[in-house]
Amino acid sequence: MKWVEVSVEADGEGAEAVAEAFQKIGHGGVAIEGGVQSAPLDGVEYPLPAPGRVTVRTYLPHDHELEDKRRHIVAVLSLLGTAWPFSAPVFREMDEEDWANAWKEHFHVLRIGRRVVIKPTWRAYQPQPDDAIIELDPGMAFGTGLHPSTRLCLLELDTAPLRNEQVLDLGTGSGILAIAAARLGARGVLALDIDAVAVTVAADNARRNGLSDCITVARGTLPLAHDLRDTAPSGFDVVVANITAPILTGMAEHLVAALKPGGRLIAGGILDHLAPALQERFESLGAHVLRVAAESDWRALVAQRGEP
């Protein structure tokens, strides 16, 4: 069977809009590929994503629906192009074998912060002392660590002391943040997602990293369902939620309530112009915003629940 790769170069909100469209039309998901630059750290050169423009890709099976989907993509991109600048779509035909390997070409060993290293399962890597290695098979989904919002949350986890702490990862996706928390010393991690596929993927990735005893993956959200309340801690030391600003705003009360007094909230997936309102919302609920981390158009809020 043959496949058609569709790729568009975009940045910021434009890349997000293209990715959302590709997610709906393409087969199996979307890959967002950033430019790669090399940077020194402790005398060692590590590959790091370059800021700015990224390439968004998806794939279409070469079947009787191909032309309809191609026209659909062109029409959607034409509409999105009125709001965001991006390149014209490139369609490239490829064989089945090339398609199966194409995804893997987009993912490399990636260091984020001082300790977190994301290692695709098919890549070789020589660990450095104190590395927190995440073995990940990202497949065709978000949550690979390449997206700025995921990267900001990983940086905050890498900065925060997590040893022996209880962590909640809300909207876990591939489970990358839950695995990072466990690797960085968390005593227990509850990873929740409302999407059944995400729950399966996150559980597989936790198992692949040998962390099934530390990470509990379940389908759910906040407030916790009865069956989860029976086993979860009464309050979490850290809650990380890499979702979207509107959802975070709607769930703000539950997110703060899930923290124990003095606990920290890491909220990601926030576009810059939406961050001030969300910061005000958290502050009104008694969670003091300690800092606002930024990369490109994205923000992550780090807030601490006040003592009673």
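This is a predicted model: local features need pLDDT of at least 70, side-chain atom pairs count only at pLDDT 80 or more; totals for chains, interfaces and linings use all residues.
Residues are numbered from 1 along each chain as its sequence is written, and side-chain values use heavy atoms, with hydrogens and water left out.

The protein contains nine helices and 14 strands, where helices (H or I, at least four residues) and strands (E, at least two) are DSSP runs numbered from the N terminus. Of the 308 residues, 50% are buried; buried denotes under 20% relative accessible area, exposed over 50%, and partly exposed the range in between (1.4 Å probe, protein chains only). Contact is defined by heavy atoms within 4.5 Å. Among contacts between residues at least 6 apart in sequence, 66% join residues at least 24 apart.

Seven strands form an open sheet with mixed pairing, in the order E10-E9-E8-E11-E12-E14-E13; two strands are taken to pair if DSSP finds at least two bridges between them. Strands E10 (215-219) and E13 (287-295) are the edge strands, each pairing on one side only. Neighbouring strands of this sheet are turned by 15 degrees against each other on average, direction ignored. Axes here are lines fitted to C-alpha atoms, for helices over the stretch in contact, and angles run from 0 to 180 degrees between N-to-C directions.

The pairing of E5 with strand E6 (residues 116-120) is antiparallel and comprises three bridges, with Val116 of E6 as the bridge partner of Ile112. By contrast, E6 and E7 pair in the parallel sense over five bridges, and the partner of Pro120 in E7 is Leu136. Four of the five residues of E7 are buried, so this strand is largely enclosed by the rest of the structure.

Helix H4 (residues 148-159) lies across strand E11 (236-242), strand E12 (259-271), E13 and E14, running at about 125 degrees to E13. Helix H5 (residues 176-183) lies across strand E8 (166-170), strand E9 (188-193), E10 and E11, and runs at about 175 degrees to E9.

H4 and H5 pack at an angle of about 15 degrees, with their axes 10 Å apart. The two helices are therefore roughly parallel to each other (angles under 35 degrees count as roughly parallel, over 145 as roughly antiparallel, 65 to 115 as roughly perpendicular and the rest as oblique). Their contact is made by Thr150, Cys153, Leu154 and Leu157 of H4 together with Ile176, Leu177, Ala180 and Ala181 of H5. These residues divide into seven nonpolar, one polar and no charged, where Ala, Val, Leu, Ile, Met, Phe, Trp, Tyr, Cys and Pro count as nonpolar, Asp, Glu, Lys and Arg as charged, and the others, Gly among them, as polar.

Several individual residues were also examined. Ser7 lies in strand E1 (residues 2-10) and is buried, with a relative accessible area of 10%. Neighbours within four places in sequence aside, Ser7 is in contact with Thr55, Val56, Arg57, Ala88, Pro89 and Val90. Pro161, in the loop between H4 and E8, counts as exposed at 60% relative accessibility. The C-alpha atoms of Pro161 and Ala186 are 8.8 Å apart, with a separation of 25 residues in sequence.

Most residues other than glycine have a negative phi, and most peptide bonds are trans. Asp130, in the loop between E6 and E7, has a positive phi of about 70 degrees although it is not a glycine; Asp130 counts as exposed at 60% relative accessibility. Asn164, found in the loop between H4 and E8, has a positive phi near 65 degrees. The peptide bond from Leu222 to Pro223 is cis, with omega near -5 degrees, and Pro223 lies in the loop between E10 and helix H7 (226-229).
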